[in-house]
Amino acid sequence: MDLIFAEASPSGRGGVSVIRLSGPGARNAAESLAGALPLARHAYLRTLRDGGEIIDQALVLWFQEGASFTGEETAEIQCHGASVVVRRIAHALMARSARPAEAGEFTRRAFLNGRMDLAEVEGLGDLLAAETDLQRRQAMRVLSGEVRERVDRWRRALIRMGALIEASIDFADEEVPDDVPEEVFELAQALAREISRELDGFQAAERVRNGFEVAIVGRPNAGKSSLINRLARREVAIVSEVPGTTRDVLELRLDLQGLAVTVLDTAGLRETGDQVERLGVSRAAERAAAADLRIHLSPENQAVSDLWTPGDLLVQSKADVVDLRGELAVSSATGEGIERLLGSLYERLQDRIAGAGMVTHERQFHELSWAKQEIERLVPGQGAEITAEHVRGAAASLDRVVGRIAADDYLDVVFSSFCIGK
Ligand code: GDP
């Protein structure tokens with residue numbers, strides 16, 4: 001293993017920058033810069049020197065092998081937050097045989113050294129990406145090992161089943177071989193039910209993690225852009241306003257009481273002769289159709305019929321100047337009805353995250369589904385050997401959920417989402 005380092009804080013100007021140094025020789029390299037670091041997990045104020053030159057004054061912390069984030073010996077340098085200081089320290093570390101870390105390399109080492117399981121790594125990634133409080137809470141549950149605890153419990157049930165089957169093979173009556181005890185199938189049924197419940201909660205949990213997409217649809221001049229602008233002015237709600245992935249769809253990110261919601265303005269939804277524009281319009285319509293929910297907006301309180309899906313919201317626009325007909329009416333001019341609209345939206349979306357489970361990633365979902373399928377194959381009458389084979393298959397799938405067995409390319413995918421310094 002190489003000695004690696006990276007700035008763990010965001011780069012740029014700030015009060016303090018944190019540089020992490022991990023791997024064999026971390027202590028020597030840190031002491032050669034900072035002087036003696038006698039006690040682990042203590043902070044020392046040190047003058048950093050390189051070849052007689054003073055670089056900076058910094059707090060230096062030292063973690064022993066087996067008691068750090070990566071599991072390796074690690075030093076953390078908290079220097080003044082100027083990129084030129086960070087660069088100078090990087091230079092001094094490279095002169096001491098350290099190399100810059102790759103994206104996610106610290107976390108990868110934490111995983112390889114058994115400090116975190118793969119689900120926890122995914123939880124950490126989610127936490128770093130979390131925008132809303134609900135996302136933070138969900139990520140923390142995964143990061144704190146909830147998936148592993150559950151998986152370990154299921155694994156213990158499989159081990160018990162395996163033992164019962166073994167015993168039936170060992171003591172089988174010559175006349176009645178492969179007589180698998182009934183208890184195995186009872187355990188299997190209970191296990192399959194529990195795993196099913198977790199799988200059922202996946203979609204909801206995934207929505208918490210990735211957020212919802214809500215499209216505002218309606219004919220031209222219905223007031224869609226005005227509504228999205230009005231929503232964007234509610235400063236408490238705004239996370240960011242970014243141009244859409246296509247030029248026809250504008251996206252607004254909202255934090256709706258913890259739900260991450262991307263509101264799509266499909267203002268491009270109109271008939272047009274221009275070919276390029278037509279392409280954009282059909283893309284916008286596809287996005288709107290694929291969204292979790294549509295707000296159908298018009299001064300006449302009419303839905304866009306070919307996009308209407310049960311659960312959508314019908315909203316009358318321009319409430320300040322039209323005869324009110326609908327239950328939900330908004331005016332982007334006066335702000336009337338906006339809070340009610342957001343309240344209704346929240347209620348509908350919140351319903352869809354009820355029962356959110358701890359399975360938050362597609363990868364975990366697939367491995368768990370495999371485990372469940374294997375367990376469902378545990379039925380009487382097929383002999384002890386085959387039954388035992390399915391138990392082993394289920395255990396292997398459970399192991400993959402937390403990455404006890406994992407191929408390298410698999411890990412590359414997981415860690416590629418991390419940035420340098422993590
Ligand atoms: P879009 O084509 O659906 O995006 O519609 P716009 O948001 O561009 O609005 C079309 C026209 O209706 C503009 O002239 C707006 O100023 C006007 N408009 C939009 N919302 C309201 C509203 O709540 N009240 C009033 N009085 N006019 C509105």
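I began by noting that helices (H or I, at least four residues) and strands (E, at least two) are DSSP runs, numbered from the N terminus. With that in hand I looked up the protein chain, and I wrote down 14 helices and twelve strands.

Before going further I reminded myself that this is a predicted model, in which local features need pLDDT of at least 70 and side-chain atom pairs count only at pLDDT 80 or more, while totals for chains, interfaces and linings use all residues. I also noted that residues are numbered from 1 along each chain as its sequence is written, and that side-chain values use heavy atoms, with hydrogens and water left out.

**The chain as a whole**

I looked up burial next, where buried means under 20% relative accessible area, exposed over 50%, and partly exposed in between (1.4 Å probe, protein chains only). Of the 422 residues in the protein chain, 48% are buried. For surface, I recorded that the protein chain exposes about 20,700 Å², with carbon and sulfur atoms supplying 50% of it; such areas come from the Shrake-Rupley method with a 1.4 Å probe, and for residues only the protein chains shown count as cover. I then turned to contacts (heavy atoms within 4.5 Å), and found that among those between residues at least 6 apart in sequence, 61% join residues at least 24 apart.

**Around the ligand**

Which residues come nearest to the ligand? I counted a residue as near if one of its heavy atoms lies within 4 Å, and of the 14 residues around the ligand, Asn221, Ser225, Ser226, Asp320 and Ser332 come nearest.

A backbone N or O atom of Asn221 lies 2.7 Å from an oxygen atom of the ligand, and a backbone N or O atom of Lys224 lies 2.8 Å from a ligand oxygen. Asp320 uses its side chain, with a polar atom 2.8 Å from a nitrogen atom of the ligand. Taken alone, the ligand exposes 570 Å², and the protein buries 68% of that.

**Two residues with positive phi**

I looked up Asn301, which is not a glycine and yet has a positive phi of about 65°. Asn301 sits in the loop between β11 (293-298) and β12 (313-316), and I recorded Asn301 as buried, with a relative accessible area of 15%.

Lys318, also a residue other than glycine, has a positive phi near 60°. I placed Lys318 in the loop between β12 and α11 (338-351), and noted that Lys318 is partly exposed, at a relative accessible area of 33%.

Technical notes: Polar contact = N/O pair within 3.5 Å; in protein donor to acceptor, adjacent residues only side chain to side chain.
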